Amino acid sequence: MNKPSVLILCTGNSCRSHLAEGILRNYAGDLFDVHSAGSKPAGYVHPKAIQVMQEIGIDISGHSSKSMNEFLDKKVDIVITVCGNADQACPMFPGQVSRHHYGFDDPAHAEGTDEEVLAVFRRVRDEIRRLFEAYADGRRDALKA
């Protein structure tokens, strides 16, 4: 079976898209070929994103911040944007692909003590995890039908 290619997009490709990429690849790597990128890549993966993923047994320390332009000449079947607030410019990916948008708060903008900021990263991670695991479960159910 040829696995559909999923590209998870956000603006900076430093937090949410990496959380989603790690979770979807871990939970449904047998179903999807998963990547993430950004329209204006930050150039790094946020250390707190790496930390909160390690807490649930998923290692994204080898991820890198990439531009969506790296995927323009590749086959992409599904594009999922994970930007949150209306003031954030979620990127659009050209071509005829299945598109989904799920808005999540940007934990990189969290303020407060280290523990308060980590709590925001954990909340967003858990929201992303619930949604992407349900997305994968829907795909599994559709393949069984």
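What radius of gyration would a compact globule with 145 residues have, and what does the protein have? Near 15 Å is what such a globule would have, and the protein has 15 Å, which agrees. That radius is taken over C-alpha atoms, and the globule rule is 2.2 Å times the number of residues to the power 0.38.

A word on the source. This is a predicted model, where local features need pLDDT of at least 70, side-chain atom pairs count only at pLDDT 80 or more, and totals for chains, interfaces and linings use all residues. Residues are numbered from 1 along each chain as its sequence is written, and side-chain values use heavy atoms, with hydrogens and water left out.

Now the layout. The protein has 3 helices and 4 strands. Along the sequence the pattern reads β-α-β-α-β-β-α. Helices here are DSSP runs of H or I with at least four residues, strands are runs of E with at least two, and numbering starts at the N terminus. The C-alpha trace spans about 45 × 30 × 30 Å along its principal axes.

Next, the inside. Of the 145 residues, 45% count as buried. Buried means under 20% relative accessible area, exposed over 50%, and partly exposed in between, with a 1.4 Å probe and protein chains only. A nonpolar core is a set of buried Ala, Val, Leu, Ile, Met, Phe, Trp, Tyr and Cys residues joined through side-chain atoms within 4.5 Å.

The largest nonpolar core holds 32 residues. Ile8, Leu24, Phe32, Ile128 and Phe132 touch the most other members. Strand 1 (5–10), helix 1 (16–28), helix 2 (47–54), strand 3 (78–81) and helix 3 (114–144) each supply at least two residues. Helix 3 gives the most, with 8 residues.

Take Phe132. Leaving aside neighbours within four places in sequence, Phe132 is in contact (heavy atoms within 4.5 Å) with Ile8, Ala20, Ile23, Leu24, Ile80, Val82 and Phe104. There is also a second, separate core of 9 residues, including Leu9, Ala37, Phe93 and Val97.

Last, helix 2. Lys48, Ala49, Ile50, Val52 and Met53 are buried there. Their cover includes helix 1 and helix 3. Helix 2 and helix 3 pack at an angle of about 65 degrees, with axes 10 Å apart. Axes are lines fitted to C-alpha atoms, for helices over the stretch in contact, and angles run from 0 to 180 degrees between N-to-C directions. From helix 2, the contact uses Lys48, Ala49, Gln51, Val52 and Met53. Helix 3 brings Asp114, Val117, Leu118, Phe121, Arg122 and Arg125.
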